[in-house]
Amino acid sequence: MSDAEPVRTITCTVNGGLRTATVPVRTSLADFLRETLGLTGTHLGCEEGQCGACTVLSDGRTVRACLLLAVQADGTVIETIEGANTSGRLADLQEAFHVRGALQCGFCTSGILLTADAMLSEGNALERADIRAGLTGHICRCTGYQAIVDAIADIGAARSAASD
Amino acid sequence: MTDELLPATLGDAEPAICTRRLASGRSRYTADVANPKALHAAFLRSPHAHAHILSMDTEPARAMTGVAAVWTGKELLARVNGYAARTAVHPEMKVPLQHALAVETARFHGEPVAIVVAESRARAEDAAAAISVEWSPQPPLCDPGSAADEPPLHPELDTNIALHLEQASEGAEAILAAADRVIERRFAFNRHTGVPLEARSIVADFEPCEGRLEIVMSHQCPHQMQVEFARLLGLAQHRVRIVTPDVGGAFGVKQQLYGEDVAVCAAAVLLGCPVRFVADRAEAMLTDIQAREHLVTARLALDADGRMLGFSIEDTHAIGPYLQYPRSNLGESRALLSLVGAPYVLDCFFGTADIVFQTKAMAGHYRGVGHPLACTVTEALVDEATRVSGHDRIAFRKAQLVRKLPHRSPTGVLFERLAFAECFEALEKAVDLHVLEAEVAKDRARGRIAGWGVAAFIEQTARGPGFYGHGGQSVSSRDGAVVRLEPSGTIRCLSSVTEQGQGTETGVRQLVARALGVCSDAIEIITGDTAVTPHGGGTWGSRGMAIGGQAAWDAAQSLRCEILRLAACLSQRSPEALDLLQGAIVERETGLTIISLSELAAMAHFQPYRFGADRQPQLSASAEYGPLDQPFRAGTGIQLSRIEIDPVTGAVHPLRHLVVHEAGRVVNPLMVDGQIRGGVAQGLGAALFEHCAYAEDGRAEATSLARYQVPMAVDLPDIELVHAGHPTFTDDGLGIVGVGEAGTVGAGAALLNAVNDALAGTGAAAVFTLPLTPPRILAALGAI
Ligand code: FES
Ligand code: FES
């Protein structure tokens with residue numbers, strides 16, 4: 001086996017800033033974000049696409065950072081929970097999650113917040129059952145999901161009232 | 001402040017302290033804590049359920065780029081002590097010696113046999129894969145029913161039965177033999193596990209000049225680990241420090257010692273540098289503790305009028321190849337032997353249990369321990385009795401509920417507090433059961449397979465030292481707190497409780513705030529650091545608020561007394577005439593402010609002479625608390641489930657789930673509700689589909705979340721909660737009862753009863769093998 005790790009240099013926009021880095025080609029996008037860029041708000045619960053904890057936005061769409069290689073992110077625009085937090089875009093959802101007790105250990109939260117925001121920005125009126133269905137692909141082992149549904153329903157109602 | 005003045009709810013539904021930070025992506029889980037100098041560990045694991053290691057060649061791994069060290073089990077033997085989970089309570093228990101890494105024989109699929117330390121995780125994994133092992137596969141042991149007849153897994157022990165237990169009330173056999181009717185059913189409970197979303201992780205750093213081991217890890221019981229790592233690595237206990245930062249769920253999975261953790265610490269000591277290990281999900285599924293694999297033959301004896309006389313059970317509990325260290329594996333069977341039948345007034349009990357070794361992952365104390373089993377056995381048999389006799393399920397239960405307290409169950413357990421009467425009353429107030437029954441009948445008339453069921457449950461919380469203390473195990477049933485008045489008049493509280501998302505820190509802070517008459521925000525709370533907080537038990541057995549909260553309350557009360565004495569000195573009043581309210585010391589009668597707490601604090605720190613020539617202001621107070629005699633505090637409740645079965649797929653859909661619960665004084669209703677709902681979700685998951693399956697060759701099949709299903713949002717209904725009125729607070733102190741496991745304890749039993757009600761509606765026989773997977777349901781319906 002050759003000793004040298006094959007590497008490649010990639011450039012992508014992460015949370016609004018242009019980042020260039022040379023990474024081993026086998027590095028996942030999640031590891032790149034966490035280890036290379038120090039963005040540890042993206043969590044790894046399974047590394048095989050089952051739990052949703054690693055969800056980030058790539059060119060505006062929710063993706064699982066554990067299922068993508070860092071090299072696949074070359075030339076894309078990535079937003080993580082840190083970026084969404086700084087922008088204030090999720091402030092209402094974050095506050096609702098806090099107040100409702102929609103997170104306990106918090107390990108699932110970054111991913112769920114990004115999915116919830118995507119769910120709400122599609123603009124449909126959401127029933128509780130829709131919200132539950134929309135959370136498919138996310139595992140929360142602590143809350144039993146009810147408080148998460150409560151928080152998303154609250155903000156769904158608030159956002160649609162504000163846009164009326 | 002005396003207890004009589006305290007209300008039933010001590011605090012508001014304050015959101016948890018850390019959740020704003022966590023929702024901002026600013027988490028500090030163990031794997032988030034950057035340590036650029038850390039090397040990475042990976043493990044070579046047994047691909048077999050049971051195999052001798054004939055030889056191992058680690059040279060190719062050692063020669064690889066970036067590899068710092070490789071150790072096999074044999075090589076670590078000289079540096080790390082082995083361990084055996086003995087208990088003086090059962091000196092006859094067969095306890096094999098276990099090592100961090102298997103030495104000569106691997107006894108479960110995934111058992112670590114070598115550790116590799118390298119500059120990156122990827123390099124370490126590459127190197128682990130380059131180790132070659134000559135294995136000699138041995139027969140697996142994966143049928144608990146035949147464990148007794150198989151050749152012993154540990155030849156030195158002569159048997160695969162670690163322990164045989166018996167529990168019988170006087171004359172039980174005669175009463176049972178004379179019963180008019182005995183209903184016997186055989187239960188098979190599925191092995192399942194906790195799946196905290198953050199897998200186990202650890203970073204260990206060793207300072208060789210000072211002999212100091214500093215560990216950051218994801219764990220529930222840091223003080224226990226301090227004691228054990230010192231013991232196993234031969235280090236001074238006071239030079240071992242465990243820090244548990246944010247912990248991404250635990251549920252009992254992060255309660256014991258794991259071989260990987262010991263090996264990582266040994267590597268740090270031997271290399272004199274930080275070493276990090278973060279389990280991936282496959283490793284977690286292979287090696288996290290699993291729980292609740294039992295075969296139970298249970299009988300309910302009835303007299304001619306259909307009155308319940310008593311239960312008898314034969315339990316076989318399938319653990320792993322070793323007893324889990326340091327706690328051992330008695331909890332589940334002991335729960336069955338003490339809690340079956342417990343909600344009811346009965347004449348007798350007879351039970352036996354065998355704890356048997358298996359070549360499967362280690363078994364441990366998952367949320368609820370044996371309580372869900374005891375509840376299921378009891379409540380499923382009660383329902384069978386009513387089906388056979390045609391009694392009404394609720395009336396039948398109510399007729400024999402324990403109402404008079406204290407009550408000694410024929411299992412030998414003394415219950416000082418139970419609230420079944422209150423809970424049934426609350427249930428009937430919350431749900432019109434006739435309407436429910438009519439709805440289900442209507443569904444059935446439309447051809448649907450519908451049913452409902454209830455389960456009454458007891459949760460033993462906040463245990464005293466009765467088991468681990470008597471057993472000679474270094475497991476604390478106490479907790480401690482230090483409460484300090486800072487010069488600004490704010491408060492710092494150092495508590496030995498630990499936080500994995502339950503909100504315990506928040507509750508402790510609320511109690512301290514209440515005791516000192518300040519707002520919660522005036523208090524900073526620090527937990528999860530053995531170098532800083534008093535020694536204590538941390539999280540296990542639903543004890544954080546009942547024990548840790550009490551300790552913090554007591555410490556805060558001492559500080560309060562001192563503050564009032566200091567203010568009394570200044571104001572020439574008696575301390576009894578003063579009170580602490582909203583950050584100020586006020587005159588009790590008039591509400592007149594004497595001095596603000598911040599002024600008093602600054603004065604006491606910087607101008608201590610102002611309080612008199614012979615008085616040293618004492619601005620910190622500490623207290624420790626733990627039950628001495630009281631074995632536990634019982635929470636009680638009833639869960640109700642309504643389900644529908646899809647006749648085509650066999651899927652069980654929970655449509656409604658309700659929990660009626662009584663748990664003494666509540667500190668924070670938001671946290672209590674969160675614990676119960678989260679607990680119900682896990683109980684329903686275990687009943688519906690969670691299963692650690694093993695192939696015939698003993699290899700684990702549930703090695704990913706694709707092959708081990710946990711509930712997602714669509715699988716669960718909203719969970720309705722009803723808090724029942726409490727019985728009088730006869731307990732010492734604040735009378736807080738734990739709630740961490742209550743949801744899990746009764747959820748599966750209620751669901752099973754609902755499913756069997758639905759099956760009975762179609763004329764099908766009841767099911768007592770879990771989980772209630774679609775194929776099992778279709779088979780019960782005769783569809784396949
Ligand atoms: S870590 Fe990516 S889906 Fe679980
Ligand atoms: S809050 Fe712990 S996994 Fe969701």
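The model is predicted, so local features need pLDDT of at least 70 and side-chain atom pairs count only at pLDDT 80 or more, whereas totals for chains, interfaces and linings use all residues. Residues are numbered from 1 along each chain as its sequence is written, chains are lettered from A in the order in which they are written, and side-chain values use heavy atoms, with hydrogens and water left out.

**The interface of chain A and chain B**

- In chain A, 49 residues are in contact with 52 residues of chain B, where contact means heavy atoms within 4.5 Å.
- About 4,100 Å² is buried between the two chains, and carbon and sulfur atoms give 52% of this area; buried area is the accessible area (1.4 Å probe) that two parts lose on being put together, summed over both.
- On the side of chain A, the residues that lose the most area to chain B are H98(A), Q104(A) and R141(A), which together account for 21% of what that side buries.
- Seven salt bridges are found across the interface, a salt bridge being a side-chain nitrogen of Lys or Arg within 4 Å of a carboxyl oxygen of Asp or Glu.
- R141(A) also meets E690(B) through their side chains in a salt bridge, at 2.8 Å from N to O.
- Helices α1 (29-36), α2 (81-87), α3 (91-100), α4 (109-121) and α5 (128-134) of chain A each supply at least two residues of the side that touches chain B, and α3(A) gives the most, with five residues; helices (H or I, at least four residues) and strands (E, at least two) are DSSP runs, numbered from the N terminus.

**The three-stranded sheet of chain B**

- Three strands of chain B form an open sheet with antiparallel pairing, in the order β4-β2-β6, and two strands pair if DSSP finds at least two bridges between them.
- Because β4 (105-106) and β6 (132-137) of chain B each have a single partner strand, they stand at the edges, and one side of each is left without a neighbour in the sheet.
- Six antiparallel bridges join β2(B) (residues 51-57) to β6(B), and I53(B) stands opposite W135(B) in β6(B).

**The five-stranded sheet of chain B**

- Another open sheet of chain B has five strands in the order β7-β17-β16-β15-β8, with mixed pairing.
- Its edges are β7 (161-168) and β8 (181-189) of chain B, each with a single partner strand.
- Seven bridges pair β7(B) with β17(B) (residues 348-356) in the antiparallel sense, and L163(B) has I355(B) as its bridge partner in β17(B).
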